[in-house]
Structure formats: structure tokens, C-alpha cells
Amino acid sequence: MPHKDLERRRLFWVWKGMVRRCRDKSAKNWPAYGGRGIKVCARWAASFTNYETDIGQRPSGMSLGRIDNDGHYEPSNVRWETAMQQHRNTTRNVFLEFQGEKMCARDWSKRLGINPSTLTSRLLSGWSAERALTTPVGKRREARP
């Protein structure tokens, strides 16, 4: 049973970190969580066992993520995520809606073959999502002699 005990201990530290970053103003990452109003539901905050019952064991290679990055830690808003899912769901990402589909700018650039820095530059210049995503990329001008 040592393996099960180790996994439970790891899950405990995931829970402990979640509660700390949402409740402890001295926590390094509190500003991005509790400081933004992100809370842990009362059931989980009250008991690790409640959390463990609801969330289950952490699958290998996964970490806890919130489906809605602005939502709280509660059963309807958390899941085990891959590193890629985690990277796609941060406040640093820019999401664009185009033709009824919403994705982060990096995913749009990959799908459409637009360099991510080109897309970012267009958006920072005030282009609409539609214009930024549909305007063909021009060839670079050669330096004049």
C-alpha cells in the first residue's frame, strides 16, 4: 500500500496549495488567486477528505485546473488537465472569437499558419479579430541598399 499512501500525500499537497493560494494573503501566488476573488468551495475548504472524495486521485502527468479561469475551485469547475491545457487556460492568453469558435491566439496562429508574433502585433495595433485572422501575411520588404 505504500504507493497509495504516496498518491494520497501528493493529493493532499495539491489541496493544501489550492486552499493556501486562495486564502492566505502571504502566499506568493495569492494575488493571482485569492487576490482576484478566486475561492475554494466551503465543502473542500472544510475538509481534505471531502475534496479527495469529489476529485478522485490525480492521474499521472496531470494537474488540477479550473475550467473557467475566473471561476472558483468547486466540483463543477475543476478537472485534471495536461500541461497543454494548463498553458491554454491562463490570464496571460488572449482569446479570440471568430466564425463562432473561441480559441487562444496561439492556437489560431497555428491553425491559420500565421506567425504568433505577427498575430500579436496586429491585435496590439488595434486590428479586429476578423481582420487579424483573415488578412494574408505579406512578404517582408527587402532592405534598401
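Start by selecting F48 and Y51: both sit in helix α3, three residues apart, which is about one turn of the helix (helices are DSSP runs of H or I, at least four residues, and strands are runs of E, at least two, numbered from the N terminus). This is a predicted model, so local features need pLDDT of at least 70 and side-chain atom pairs pLDDT 80 or more, while totals for chains, interfaces and linings use all residues. Residues are numbered from 1 along each chain as its sequence is written, and side-chain values use heavy atoms, leaving out hydrogens and water.

Stay on F48 and Y51. Both are buried (under 20% relative accessible area; exposed is over 50%, partly exposed in between; 1.4 Å probe, protein chains only). Their rings form a tilted aromatic pair, 6.4 Å centre to centre with 40° between the planes (Phe, Tyr or six-membered Trp rings pair with centres within 6.5 Å; under 30 degrees is stacked, over 60 edge-to-face, the rest tilted).

Next, which residues have the most contacts inside the largest nonpolar core? Select M18, V40, W44, Y51, I55, L64 and Y73; the core has 17 residues (buried Ala, Val, Leu, Ile, Met, Phe, Trp, Tyr and Cys joined through side-chain atoms within 4.5 Å). Helix α1 gives the largest share, five residues.

Click Y73. Beyond its neighbours within four places in sequence, its contacts include C22, C41 and R21 (heavy atoms within 4.5 Å). C22 counts as buried at 9% relative accessibility, and C41 is buried too, at 18%.
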